[in-house]
Amino acid sequence: IFFFFFHKHETNWLVRFDEKREVIQIFFEETSGFTDWLSNLNFPAKMYKKFKYKGKSITLKAPSGWKRQWFKMKHSVRKDFEEIYKKHIECEVEIIGWSQGSAYAQYCAQDLFYNYSIKSHLFTFGSVKAFRKIFFQKRIKNYLKDCCKEVYNFKMNNDIVTYMPPFIGYFMINPIKVKQDRFCLFRLFKARKYHTSYDLEKIYK
């Protein structure tokens with residue numbers, strides 16, 4: 001328990017402007033290092049944010065580890081984003097994350113909408129369930145989708161990471177199953193194969 005609350009966080013992200021496509025991109029890295037794993041295993045949900053949207057109450061909750069880590073980095077992410085956004089204010093915004101980075105990508109999409117009224121294009125791979133279900137679940141999911149112009153949280157049947165946290169009551173914004181092998185319990189233990197093959201074009205056809 002001591003490590004869950006007092007370990008140092010380490011997370012990598014990149015904010016860049018793609019000159020060829022004229023789009024601002026924000027990338028979030030996968031699990032990298034011991035402290036990231038501590039965050040992955042800190043499942044119990046904590047209050048993320050509570051506010052009103054279109055006259056209705058919205059309460060967001062998120063797994064403790066990812067929520068704590070995002071709250072440590074979000075101000076720096078905003079600063080990096082603002083430096084580029086001021087120069088390219090008319091450009092579209094894409095947010096991309098893989099594995100643990102898919103959680104931060106989902107939080108970032110909500111954060112940009114809440115603070116800048118920017119609707120981004122959200123793409124995550126090996127996506128995790130970044131939010132906790134509570135009352136008025138449909139209202140919350142509709143709000144999170146409304147934070148984006150489009151949302152694709154890609155997942156595979158046999159990718160164990162996409163079942164995290166491994167409890168009932170957690171969800172990703174818009175899960176999209178991609179084509180691969182049929183579900184098999186034993187394949188969940190082949191993360192090296194099923195969690196690292198989202199770069200294969202054929203699975204999206």
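**Figure 1. Overview of the contacts and fold in the predicted model.** Of the contacts between residues at least 6 apart in sequence, 73% join residues at least 24 apart. The model is predicted. Its secondary structure comes to 6 helices and 10 strands. The protein has 205 residues, and buried residues make up 50% of them.

**Figure 2. Helices H4 and H5 cross at roughly 75°.** H4 covers residues 100–116 and H5 covers residues 137–146. Their axes come within 9 Å. Angles of 65 to 115 degrees count as roughly perpendicular, and H4 and H5 are therefore roughly perpendicular to each other. H4 contributes Gln110, Phe113 and Tyr114 to the contact. From H5 come Tyr143, Leu144 and Asp146. By class, this contact of H4 with H5 has 4 nonpolar, 1 polar and 1 charged residues.

**Figure 3. Tyr53 and Phe113 form an edge-to-face pair.** A search of the whole structure finds 22 aromatic pairs. In the pair of Tyr53 and Phe113, the ring centres are 5.9 Å apart. The planes stand at 75°, and an angle over 60 degrees counts as edge-to-face. Tyr53 lies in strand E3 (residues 45–53), and Phe113 lies in helix H4. The pair therefore ties together parts that are 60 residues apart in sequence. Phe113 has a relative accessible area of 13%, so this residue is buried. Phe113 also takes part in the contact of H4 with H5.

**Figure 4. Phe125 and Tyr204 pair across distant parts of the chain.** Their ring centres are 6.5 Å apart. The planes are at 90°, so this pair is edge-to-face. Phe125 sits in strand E6 (residues 120–125). Tyr204 is in the segment after helix H6 (191–194).

**Figure 5. Ring pairs link aromatic residues into a cluster.** The cluster contains Phe28, Tyr48, Trp70, Phe71, Tyr104, Tyr107, Phe131 and Phe171. One of its residues, Phe71, has Lys74 over its face. Lys74 is 3.7 Å from the centre of that ring.

**Figure 6. Lys155 places its charged end over the ring of Tyr163.** How far does the charged end of Lys155 sit from the centre of the Tyr163 ring? The distance is 5.3 Å.

Notes. Residues numbered from 1 in each chain as written. Predicted model: local features only at pLDDT ≥ 70, side-chain atom pairs only at ≥ 80, totals over all residues. Heavy atoms only, no water. Axes fitted to C-alpha atoms, helices over the stretch in contact; angles between N-to-C directions. Helix = DSSP H or I, 4+ residues; strand = E, 2+ residues; numbered from the N terminus. Parallel < 35°, antiparallel > 145°, perpendicular 65-115°, else oblique. Contact = heavy atoms within 4.5 Å. Nonpolar A, V, L, I, M, F, W, Y, C, P; charged D, E, K, R; others polar. Phe/Tyr/Trp six-rings, centres within 6.5 Å; stacked < 30°, edge-to-face > 60°. Buried < 20%, exposed > 50% of the residue type's maximum accessible area, 1.4 Å probe, protein only. Lys NZ or Arg CZ within 6 Å of the ring centre and 35° of its normal.
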